Amino acid sequence: RFKLLFQPPVTLPIKLSSFTAKKATTGAQLNWTTASEQNNAGFVLERSTDGKNFTQVSQIPGAGNSSVAIDYTYTDKNPDKGVNYYRLKQIDNDGASRYSTVVKLDLSKFAWSIFGNPSVNNTFIQLQTEAQCNVTVQIVSMNGQLMQTISKGNISQGTYNIPLNLTNAPHGIYIVRLLVDKNSYTQKI
């Protein structure tokens, strides 16, 4: 004698359509969409800097039950300055929970300014990087002639002053082109 056991299909409490993270002026903006929800108490948004050890950022209430798409947005106003990993912990009304996939957001700081402008002898670029990168500086005349190239090669994370020697350049307006890895930035001096 054997007995057949019927297991009803398991219905997941939510159908997560998307989960994304992007830079925002006030921090990190997290967006997610559920296609449907069943007994969804809400979400706990968690953050990590190593992708392994997560801490709670906020708790966001769910819609409970819904058969239509619902968009959620949360702005993390205190993310780490470098790489951040985010995940959602979805919590049912009965307390059971499940985790979403992890999304990565890199908020590395990059900044550069030109100081000593207009000065021939004391002009320099101040460059701040958050990761190792390959740096080259080009000074170009307004008619497109390359006047000077300064190759710094691979530099580590940090703040650097890169002197621009313009003593032999005629007075005028120049374009400073900063090449950082595959990105190009320009300013006039």
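**Entry 1: the model**

I am working with a predicted model, so I keep in mind that every value here is computed from it.

**Entry 2: a sheet**

I began with an open sheet of 4 strands. Reading across it, I wrote down the order S11-S10-S13-S14, and the pairing is antiparallel. Which strands sit at the edges? They are S11 (146–155) and S14 (183–188), and each of them pairs on one side only. I also looked up how neighbouring strands of this sheet are turned against each other: 15° on average, with direction ignored.

A reminder to myself: strands of a sheet pair through backbone hydrogen bonds, either parallel or antiparallel.

Next I followed one pair. Strand S13 covers residues 174–180 and pairs with S14 in the antiparallel sense over 6 bridges. Val180 stands opposite Asn183 in S14.

**Entry 3: the largest pocket**

Val180 turned up again here. How much space lies in the largest pocket? I noted about 230 Å³. The pocket is lined by 14 residues, and the closest to its centre are Ser108, Phe110, Glu130, Ala131 and Val180. I sorted the lining by class and got 5 nonpolar, 4 polar and 5 charged residues.

**Entry 4: salt bridges**

Another reminder: side chains of opposite charge can pair when their charged atoms come close. How many salt bridges does the model have? The count is 3, and I went through them one by one.

- Arg87 and Glu46 meet through their side chains at 2.6 Å, N to O. Arg87 is in strand S5 (residues 83–92) and Glu46 in strand S2 (residues 27–48), so this pair links distant parts of the chain, 41 residues apart. Arg87 is buried at 18% relative accessible area, and Glu46 is buried at 8%.
- Asp76 and Arg47 meet at 2.4 Å, N to O. Because Asp76 lies in strand S4 (residues 70–76) and Arg47 in strand S2, the pair ties together parts that are 29 residues apart in sequence. Asp76 counts as buried at 3% relative accessibility, and Arg47 is buried with a relative accessible area of 18%.
- Arg98 forms a salt bridge with Asp92, with the closest N and O atoms 3.2 Å apart.

Is Arg98 buried or partly exposed? Its relative accessible area is 35%, so Arg98 is partly exposed.

Notes:
Residues are numbered from 1 along each chain as its sequence is written. This is a predicted model: local features need pLDDT of at least 70, side-chain atom pairs count only at pLDDT 80 or more; totals for chains, interfaces and linings use all residues. Side-chain values use heavy atoms; hydrogens and water are left out. Two strands pair if DSSP finds at least two bridges between them. Helices (H or I, at least four residues) and strands (E, at least two) are DSSP runs, numbered from the N terminus. Axes are lines fitted to C-alpha atoms, for helices over the stretch in contact, and angles run from 0 to 180 degrees between N-to-C directions. On a 1 Å grid over the protein atoms alone, a cavity is a set of points where a 1.4 Å probe fits but cannot get out, and a pocket is an open set with protein on both sides within 12 Å along at least five of seven lines; lining residues have an atom within 4 Å of a point. Grid points are joined across faces, edges and corners, and a volume is the space filled by probe spheres set on the points. Ala, Val, Leu, Ile, Met, Phe, Trp, Tyr, Cys and Pro count as nonpolar, Asp, Glu, Lys and Arg as charged, and the others, Gly among them, as polar. A salt bridge is a side-chain nitrogen of Lys or Arg within 4 Å of a carboxyl oxygen of Asp or Glu. Buried means under 20% relative accessible area, exposed over 50%, partly exposed in between (1.4 Å probe, protein chains only).
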